[in-house]
Amino acid sequence: MTSTVTGAFSGVAQANGERMSVQDVVPASAGDTRGMSVFYAGFGVVLAGFLFGMMTYQMAPRLEYRWRLASLASFSVLGGILVAVIAGSLGFSALPGPFLGIAGVIALMAAAVGSATMAFIRVFGRAGMSLAAVVLFTFGNSTSGGTLPTAYLPDWLHPFSEILPVGVGVRAVQGLSHFNNDGLTAGVVVLVAWILVAAATLFWRDVRGSRGAAVG
């Protein structure tokens with residue numbers, strides 16, 4: 001972010017014959033001087049959650065609903081702990097936020113992406129994988145604010161950064177690590193909403209749908 005601002009305003013300062021000085025109010029951590037760890041952690045979680053959601057129906061198509069959600073919960077908690085250990089104060093110190101907070105938000109991101117991918121597949125079939133990839137990867141990562149602040153995005157992309165799991169998760173982790181928990185509450189609410197809606201969709205298709213077919 002510092003290099004982006006410096007590059008944007010250095011030319012203006014030179015044109016006016018002035019010398020620009022830069023003060024980094026919230027410097028990056030020693031383990032992440034470029035401030036990219038949040039984005040890479042988010043991208044890794046999205047990729048892992050997408051693959052988990054896709055593979056769970058390919059490898060275990062008849063798995064009971066409760067066990068499918070239990071496996072998703074186990075995967076998400078494990079993913080959150082691993083990312084917090086590797087990138088947090090116990091590892092590279094790239095994310096200086098509290099261990100449990102980082103692990104919790106990452107786990108919610110993994111669960112939101114994994115459950116959303118499952119729901120896309122159950123509702124749209126094979127086309128759901130492509131839809132999930134477009135929504136969660138293409139729009140999710142491009143509007144996450146991990147590499148470039150969301151203020152630089154076109155206006156029509158701003159809503160995506162506020163409702164997709166990647167964007168809200170990235171801002172929640174950034175808030176925990178650097179900005180006094182800014183965006184944490186909104187991020188948790190949105191991620192939980194994704195999980196609940198996806199879980200309800202899966203229940204409707206896997207449990208209610210099976211019961212209806214059995215009765216018929």
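Helices are DSSP runs of H or I of at least four residues, and strands are runs of E of at least two, numbered from the N terminus. Axes are lines fitted to C-alpha atoms, for helices over the stretch in contact, and the angles between N-to-C directions run from 0 to 180 degrees. The model is predicted, so local features need pLDDT of at least 70 and side-chain atom pairs count only at pLDDT 80 or more, while totals for chains, interfaces and linings use all residues. Residues are numbered from 1 along each chain as its sequence is written, and side-chain values use heavy atoms, with hydrogens and water left out.

Two packed helices are described by the angle between their axes and the distance between the axes. Helix α4 (residues 99-124) and helix α7 (residues 165-177) have axes that come within 10 Å and cross at roughly 180°. That angle makes α4 roughly antiparallel to α7, a label for angles over 145 degrees; under 35 counts as roughly parallel, 65 to 115 as roughly perpendicular and the rest as oblique. Contact here means heavy atoms within 4.5 Å. From α4, the residues G101, I102, V105, I106, M109, A112 and V113 meet P165, V166, G169, V170, A172, V173, L176 and S177 of α7. By class, this contact has 12 nonpolar, three polar and no charged residues. In that scheme Ala, Val, Leu, Ile, Met, Phe, Trp, Tyr, Cys and Pro are nonpolar, Asp, Glu, Lys and Arg are charged, and the others, Gly among them, are polar.

The nonpolar cores come next. A nonpolar core is a set of buried Ala, Val, Leu, Ile, Met, Phe, Trp, Tyr and Cys residues joined through side-chain atoms within 4.5 Å. Buried means under 20% relative accessible area, exposed over 50%, and partly exposed in between, with a 1.4 Å probe and protein chains only. The largest such core has 34 residues, of which I102, I106 and V173 touch the most other members. Two or more residues each are given to this core by α2 (37-59), α3 (65-87), α4, α5 (127-142), α7 and α8. Its largest share, 12 residues, comes from α4. Leaving aside residues up to four places away in sequence, I102 touches A84, L95, G97, V173, L176 and S177. Another core, of seven residues, lies apart from the largest one and includes Y65, M118, A199 and V207.

V123 is found in helix α4 and is partly exposed, at 34% relative accessible area. Beyond residues up to four places away in sequence, V123 touches T201 and R205. T201 lies in helix α8 and counts as buried, at 18% relative accessibility. The C-alpha atoms of T201 and M118 are separated by 9.2 Å, although the two residues are 83 residues apart along the chain.

A salt bridge is a side-chain nitrogen of Lys or Arg within 4 Å of a carboxyl oxygen of Asp or Glu, and by this rule the count comes to two. In one, the side chains of D206 and R122 meet at 2.5 Å, N to O. This pair links distant parts of the chain, with D206 in helix α8 (residues 184-215) and R122 in helix α4, 84 residues apart. D206 is buried at 15% relative accessible area, whereas R122 is partly exposed at 22%. The other joins R66 to E64, with the closest N and O atoms 3.1 Å apart. R66 is exposed at 55%, and E64 is partly exposed at 43%.
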